[in-house]
Amino acid sequence: MCGIVGLFLKNEALEPQLGALTSAMLATMCERGPDSAGFAVYGQSLDGEAKITLQSSSPEIDFPALAKALENEITGTVKLTQRATHAVLTCRRDELDTIRAAVRRLAPSVRVMGVGEAIEIYKEVGYPTAVAERFELKGMKGTHAIGHTRMATESAVTTLGAHPFSTGPDQCLVHNGSLSNHNNLRRSLAHDGIQLETQNDSEVAAAYLTWRMKQGLDLGQALEKSLDDLDGFFTFVVGTKNGFGVLRDPIACKPAVLAETDDYVAFGSEYRALVGLPGIDTAKVWEPEPATVYFWER
Amino acid sequence: MSYHNPPTTPRKSATFDDYTLSEIRRAATTGIYDIRGAGAKRKLPHFDDLLFLGASMSRYPLEGYREKCSTEVVLGTRFAKKPIHLKIPITIAGMSFGALSGNAKEALGRGANIAGTSTTTGDGGMTPEERGHSKTLVYQYLPSRYGMNPDDLRKADAIEIVVGQGAKPGGGGMLLGQKISDRVAEMRTLPKGIDQRSACRHPDWTGPDDLEIKILELREITDWEKPIYIKVGGARPYYDVALAVKAGADVVVVDGMQGGTAATQEVFIEHVGQPTLACIRPAVQALQDLGMHRKVQLIVSGGIRNGADVAKALALGADAVAIGSAALVALGDNDPALESEYQALGTTAGAYDDWHEGRDPAGITTQDPKLATRLDAELAGRRLANYLKVMTLEAQTIARACGHNHVHNLEPEDLCALTIEAAAMARVPLAGTSWIPGQGL
Amino acid sequence: MPAIDLSTTPLRELNQSLHALAEGNNETEWEVLNPDGRHAVAVGIDAPVSIDIRGPVGYYCGGMNKQATVTVHGSAGPGVAENMMSGKVVIKGDVSQYAGATGRGGMLVVEGNAASRCGISMKGIDIVVKGSIGHMSAFMAQTGNLVVLGDAGDALGDSIYEARLFVRGNVQSLGADCVEKEMRDEHLELLEDLLQRSGITGVKPSEFRRYGSARKLYNFNIDNADAY
């Protein structure tokens, strides 16, 4: 049970403010999810480069040393940006797989939160405003961002249990609700070789979408399919490199508000999350219909 | 030569026993599932499978008369300006006017007043009789919102948001046409004589994140004075209690599957939910994990019958218990003195559970004015008070014997279990061993 | 006229001041500034006062209202005017889910659109929506009137009891046991009155269709099992 915010910019002029706007939106959703928080920020992607977001549960991790060690494994360079327990490595796209394998070998306790050309994912246990501050969300720039505050229902309050869940390169999902068939789904996904890291129902939803996309569906089609295969209550917000999607289950009880102007599309679990956005007074504001996929792409 | 063919004794199936066969025939004939009142009737692991160790050489008991063993309990100390102070750790569970006659509701209030405890409204709103005769009254806030209004909300001493009940976690209420009298219909804004269905979810919130906002509204409306309880059926007690605390409850009520109902499907009563015994430790664990044990109070209900049950529930970590079915028996429900009338209804004293039909010869679960007047509210109230006081004395007796000067000082270590099942559920050692099944895995 | 700025005054202070108002007080016009989507604004009032809220509100604005007239100059979140007893709540913008839920009396006017479950379990309230309403509206509606000038979403009036539903636009689908009913003179008169009281002009009662209960689920019948 949670709070969700999302902001997809159409107007480039707003890109320097993405983090500040998202951070203010996230702060309004603290009561809905006081246990943990997280966000995915889609920044500028550079030709031929890829990003990999790492997280370490041990504070003494020496990310710069790890970056150095990784550079020895490849021909290109590794650029490191560290934010508290997280670090974003930038490398050549064709060397991403080598880097991933090397991270697993050199620093087995470090977790890969997400990879892609544009995505960076940060999440942590704690009060949402404190989490946003720790990672300096306010100063981040980019094209779109999705944030989440979590009130844990049945799975543990851990960093890994926090949202967003990455569903594949440049993809992420956040969820509000409670799935009622995630255990069975988890077993069938495991049978198809998809490993999950937590007991979290939302991670199952994310993995489900990845699994569908591996079968050749695009994200929109995968979301459509999820309406048949996922049981329970859910509002999803998903991000891709260029896109931003929203889906509510057919019962559609969990709150969701969308707003659109010429400058952006914004999502909030409550209107309160949208109050501070520029031009919100004249925005088109509505609640997404049940069982309907909404998707924006630049 | 002819052989004698020895006859085989006819053997009935254990699977298809007489009750099962009668149920199949009944369903085939009537085309309706069996609806009844009361709680689970099947044999379940229960408090009887636990024993107190008592004091001996390593601990010292308290003297019965001089050395005080307190029983008072304060509910709603977390946020409410006016917490509830009760003399005894036994409260009266929510039962509606509609399910019960006005006289029965009055009797519950009278009995609770004498004993120094609270009563609770039910699905259908608050009656003047009930408010008038209950010194401390908890107002239930239910999915149906029948009879819900802000005046009664403000008249209440506490508000209990009902998410579910032990007899039917995940189900709504049900009141069949026979009991929708003019007065009940008016209170519920329903046409007379229809089979009323109650929703299973609240109409204007879903989930603990919304509930937190609903609680804010209720607190704002009542100026933050009244304790807010959240009642859940025994489903997933660890998570449910943790989420109730996160949503902002002052008190959490956990109702196990032996908890009664006015009416619901038999299949629901007997096959959904967890036994009360199995609910307490996970509920307490959730409170402890959040640092809220004794700060958010826990009330346990479902099959509480005597002072030993009360003491055991408290020892496992509850702050108080609630009784429903037992209170009705104290008033006069299922009394063998009415056996001929129960027989006329096709049942027997002790088995009568067709509370929804409104033909209760004891005048308790009925809206028939003639039947209802059979119950003398004053006398029945006195009987309930006697029973509550006896239970309290029994719980005190046990607490003293275990060396405690307050019933809340009872702890799991005062207990052992007679069966492996009870040991696992109550998380106390099997008698004579230090083995707690399921621990240390 | 007292003006309360919620960016500087705590919500609790606003609501307590409104609760302290007694019959015959002089402060009958109140203004609330900067609500910024806050929840439980102006709830539980029981006095004949009028409150103008300048901006959007969150959940349960005007909840359990008695006597007061609450006007929101903006949009409202879930459960606006829930369980209203009497008085009037007017929303100049759109409203979220559960508008007027379980309302027992008074009038809720929504000048924009209402989302899903508008009038759920309504018990006597009059709700007038100038725009359209979402799915599952008037679910288990017991009594009262719901008037919609625009369209109604999926499953209108599912499991309805005796509430009356009037829709001028299209109904996407009717819920279990909800049927279209004949619009008789008494209904036209009722509708005329509702439109007039909600300040709507230029719309004729004859442009609406009426929906209500088929009353087939009032008593259990196993052959209706698909509906249960």
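This is a predicted model: local features need pLDDT of at least 70, side-chain atom pairs count only at pLDDT 80 or more; totals for chains, interfaces and linings use all residues.
1. Asp177(C) is buried, at a relative accessible area of 12%. The loop between β9 (164-167) and β10 (178-181) of chain C holds this residue. Its phi is near 70°, which is a positive value, and Asp177(C) is not a glycine. Most residues other than glycine have a negative phi.

2. Look for Asn83(C) in the loop between β4 (69-73) and β5 (88-91) of chain C. Its relative accessibility is 0%, so Asn83(C) counts as buried.

3. Chain A has a peptide bond to check. His163(A) and Pro164(A) are joined in cis, with omega about 0°. Most peptide bonds are trans. Pro164(A) sits in the loop between β8 (144-150) and β9 (165-168) of chain A.

4. Now chain A as a whole. Its secondary structure consists of 7 helices and 16 strands. The radius of gyration is 18 Å, close to the 19 Å from the globule rule for 298 residues, so chain A is as compact as a globular protein of that length. Along the principal axes, its C-alpha atoms fill a box of roughly 50 × 45 × 35 Å. Buried residues account for 61% of the 298. Take the contacts in chain A between residues at least 6 apart in sequence: 71% of them join residues at least 24 apart. The accessible surface is about 11400 Å², and 48% of that belongs to carbon and sulfur atoms.

5. Chain B has 15 helices and 16 strands. The C-alpha trace spans about 85 × 60 × 45 Å along its principal axes. Of the 441 residues, 60% are buried. Among contacts in chain B between residues at least 6 apart in sequence, those joining residues at least 24 apart make up 67%. Chain B exposes about 17700 Å², with 55% supplied by carbon and sulfur atoms.

6. Asp333(B) deserves a look. It lies in the loop between α11 (325-331) and α12 (339-344) of chain B. Asp333(B) is buried but has no salt bridge. Lys41(B) carries the nearest side chain of opposite charge, and it is 9.4 Å away. A salt bridge would need the charged atoms within 4 Å. What Asp333(B) does have is a polar contact, side chain to side chain, with Asn334(B) at 3.1 Å. Beyond its neighbours within four places in sequence, Asp333(B) touches several residues, including Leu328(B), Tyr342(B), Trp355(B) and Asp360(B).

7. Gln265(B) belongs to strand β13 (residues 264-265) of chain B. Its relative accessibility is 15%, so Gln265(B) counts as buried. The side chain makes a polar contact with the side chain of Tyr33(B), at 3.3 Å. Compare the position of Lys246(B): 19 residues from Gln265(B) in sequence, and 32 Å from it in space, C-alpha to C-alpha.

8. Last, Thr136(B). This residue is in the loop between α3 (128-133) and β7 (137-141) of chain B. Thr136(B) counts as buried because its relative accessibility is 10%. Leaving out neighbours within four places in sequence, its contacts include Ile84(B), Leu86(B), Asn113(B), Arg131(B) and Asp157(B). Thr117(B), Ser118(B) and Thr119(B) are also among them.

Notes: Residues are numbered from 1 along each chain as its sequence is written. Chains are lettered from A and ligands numbered from 1 in the order in which they are written. Side-chain values use heavy atoms; hydrogens and water are left out. Helices (H or I, at least four residues) and strands (E, at least two) are DSSP runs, numbered from the N terminus. Buried means under 20% relative accessible area, exposed over 50%, partly exposed in between (1.4 Å probe, protein chains only). Lys and Arg count as positive and Asp and Glu as negative; His and the chain ends are not counted. A polar contact is a pair of N or O atoms within 3.5 Å; within protein, one must be able to donate a hydrogen and the other to accept it, and residues adjacent in sequence count only if both atoms are side-chain atoms. Contact means heavy atoms within 4.5 Å. The radius of gyration is taken over C-alpha atoms; the globule rule is 2.2 Å times the number of residues to the power 0.38. Accessible areas come from the Shrake-Rupley method with a 1.4 Å probe; for residues, only the protein chains shown count as cover.
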